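Here are a few notes to read alongside the structure. Have it open and follow the points in order.

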Amino acid sequence: MKKILLCLVSLFLFIACGEEKEKKVKDTLIFSQSSELRTLDPQMHTDIYSRRVLTNVFDRLVEKNIELEIVPGLAKNWEYLDETTVLFNLKEGILFHNGSELTSEDVKYSLERAKESPMIGVLFSLVSEIETPDKYTVIIKTEEPFGALFHHLSHIGASIVNKEYNENTDEVALNPMGTGAYKMIDWKAGDRVVLEAHDKYYKGEAPIKYVHVRNIPEENSRVIGLETGEIDISMDIASISRTSVIEHKDLTLHEVTSLGVSYMGLNTEKGALKDKKVRQAIALGIDRDIIIETILMGAVTKANGLLGPGVFGYSKDATTLGYDQEKAKQLLKEAGYEKGIDMKMTISGSETNSQIAQIMQAQLKEIGINLSLEQIEWGAFLNITSKGETDLYLMGWSNSSGDADYGFTPMLHSSMKGNAGNRSFFENSEFDALLEAAKIELDEGKRKVLYAKVQDIMNEEVPIYPTNFSAASGGVNNQIVGYVQSELNLPYFHDYSFRVN
């Protein structure tokens, strides 16, 4: 009898310990970033913070892998029927989060919706017609040859939404319906978005059941959260905090040069900034080397243009204006501002941005520009800059398609002034013409030549002044398996799992 009791007790303890061990296996990933997402409507976004969630909720016809190569997504293959017509064959049996099957009608609806979007419609302006000969076949026709087509189809703005769902709800931006690895189940504004793994995902259910995407503007708070284990992954680790993450035994800093650029924007339609000489003087008055060495701790490289080195169309020969205070003062004198100018710079985001702005403020004061600084939250920042209500601003551009067309056109084409992306309100007919010629050129060599000319005009006219190529970085708890830092600076939650101890 005693032996039986001992066996029963042992069995109970074994089961209890097994249950306890199972309870310790985490099923929720805490992911943090420096600003809150703006929307969960993929066709109505331009910011990286929304994109990081959208890329996990939706899929696209084609995707970019970690090497930035175009690979199949919802389309299993494709072929050019002629230089303006591409046929895509969809994978069968792919389900939206509500259980309905993806069809060619969803693709047609989504891409037509993208083309009509004031935010990202420029990416698809050459798409003339989309045909759906059957349930799993899509034919995209363009007005002219479209060199950037596949790059743009991999953009988050080309995400495929559920046609029936979208047409029957007014809450697309708050309650999205995709085919992605995760579905959104809660959004607490100002705090977090909660995602749950899509159990019918066509690549298989994600190992981690839930993801909490948290908005934590203070970088120090995010790093402390990493150190205490309250946060599993934090993007946007600026150079000033790199050492804390690198030296912590339980953390790893994953860092690469992104496709993006950090820059100062200049409102070319406002006051003294209408004069090119004033804009050039501002560029000449800023010592980017000091900013990189002191604030960014030498962890990034000085930018020579708007395109990161990994973007198609990048020109290594592009040259920006360098630091030259005397020349800056001379240009201001020639423009009639020898006695000085008062201007306002608006910033948002991290403490790093604030410190950079303060250095710029001090440097510009030395050439006669009195700069007042205004730091506001991200949503208000986007609103003010889109309306042209500030002189200068600090921002970044991540170039999520990896093609020069998406770098230059939304940012600086005259048709994109304001909220569509051209917050510098820049207008230059030669610049526009070169962009339009490059868009329809299929020969990659010729496209690169055109974009090199575009870059030279930008550096001469100074609607923006690039400071540095942005680092794409993530501080990651060592219990996370599968994290690879992407140049696109996006997380891929489906690839992650918790280490089993």
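1. Start with Ser-262: its bridge partner in strand 15 is Gly-396. Strand 12 (residues 251-266) and strand 15 (residues 392-397) run antiparallel and are joined by six bridges. Strands here are DSSP E runs of at least two residues, helices H or I runs of at least four, both numbered from the N terminus; two strands pair if DSSP finds at least two bridges between them.

2. A word on the source: this is a predicted model, with local features needing pLDDT of at least 70 and side-chain atom pairs pLDDT 80 or more, while totals for chains, interfaces and linings use all residues. Residues are numbered from 1 along each chain as its sequence is written, and side-chain values use heavy atoms, leaving out hydrogens and water.

3. Now the whole sheet: it is open and mixed, with ten strands in the order 8-9-10-1-11-16-12-15-13-14. Strand 8 (182-188) and strand 14 (369-375) are at the edges with a single partner strand each, so one side of each has no neighbour in the sheet.

4. Next, look at Lys-270, which makes a salt bridge with Asp-391, closest N and O atoms 3.5 Å apart (a side-chain nitrogen of Lys or Arg within 4 Å of a carboxyl oxygen of Asp or Glu). Lys-270 sits in the loop between strand 12 and helix 8 (276-284), and Asp-391 in the loop between helix 12 (378-386) and strand 15, so the pair ties together parts 121 residues apart in sequence. Asp-391 is buried, at 11% relative accessible area, whereas Lys-270 is partly exposed at 29% (buried is under 20%, exposed over 50%, partly exposed in between, with a 1.4 Å probe and protein chains only).

5. Finally, the structure holds 29 salt bridges. Lys-276, Arg-279, Glu-460 and Glu-461 are linked in a network of them.
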